[in-house]
Amino acid sequence: MKKSMKKLKKRTTSGKNILVYRKGRTSAAVCNNCGCEMHGIPRLSDAQSGKLAKSHRRPNRKFAGYLCSRCTKEFLRNAARNV
Ligand SMILES: [Zn+2]
């Protein structure tokens with residue numbers, strides 16, 4: 001049993017109350033710069049997202065899955081200015 005698993009109280013058909021452990025929901029992908037929730041990335045486990053097409057797992061742009069769109073824009077703008 002992992003700490004991330006969810007506890008569920010259930011009543012069996014024989015009338016007993018038991019605790020059932022279930023996997024919790026996968027947390028949303030977060031930007032590594034500002035910490036905001038990133039869009040375009042489904043909240044799926046690794047096993048489930050492996051079944052998706054690569055283009056469905058994250059946006060198709062630079063730093064996708066690492067920085068949010070706003071931070072990417074800012075980073076590229078600063079990089080161009082400091083050349
Ligand atoms: Zn960000």
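Analyst: A start with one residue. Ser49 touches Pro42, Leu44 and Arg57, leaving aside residues up to four places away in sequence. Ser49 belongs to helix 1, residues 46-49. Keep in mind that this is a predicted model.

User: Why is Ser49 called partly exposed?

Analyst: Ser49 has 16 other C-beta atoms within 10 Å. Buried needs 20 or more, and exposed needs 12 or fewer. The value lies in between, so Ser49 is partly exposed.

User: What makes Phe63 count as partly exposed?

Analyst: Phe63 has 16 C-beta neighbours inside 10 Å. That falls between the cut-offs of 12 and 20, so Phe63 is partly exposed. Phe63 sits in the loop between helix 2 (54-57) and helix 3. Its phi is positive, about 60°, although Phe63 is not a glycine.

User: What makes helix 3 hardly covered?

Analyst: The count of buried residues among its 13 residues is zero. A residue needs 20 or more other C-beta atoms within 10 Å to be buried. Strand 2 (residues 17-22) is hardly covered too: among its six residues, the buried count is zero. For the chain of 83 residues, 2% count as buried.

User: How do you know that strand 1 and strand 2 pair?

Analyst: Pairing takes at least two bridges. Six bridges join strand 1 (residues 6-11) to strand 2, so the two strands pair. They run antiparallel. Lys10 stands opposite Ile18 in strand 2. The hairpin has five residues between the strands, and Gly15 takes a positive phi near 95° there.

User: What is the order of elements in the chain?

Analyst: From the N terminus on, the order is β-β-α-α-α. That is three helices and two strands.

User: How does the radius of gyration of the chain stand against that of a compact globule?

Analyst: A compact globule of 83 residues would have a radius near 12 Å, but the chain has 20 Å. The C-alpha trace spans about 70 × 25 × 15 Å along its principal axes.

Note on methods. Residues numbered from 1 in each chain as written. Predicted model: local features only at pLDDT ≥ 70, side-chain atom pairs only at ≥ 80, totals over all residues. Helix = DSSP H or I, 4+ residues; strand = E, 2+ residues; numbered from the N terminus. Contact = placed C-beta atoms within 7 Å. Rg over C-alpha atoms; globule rule 2.2 N^0.38 Å.
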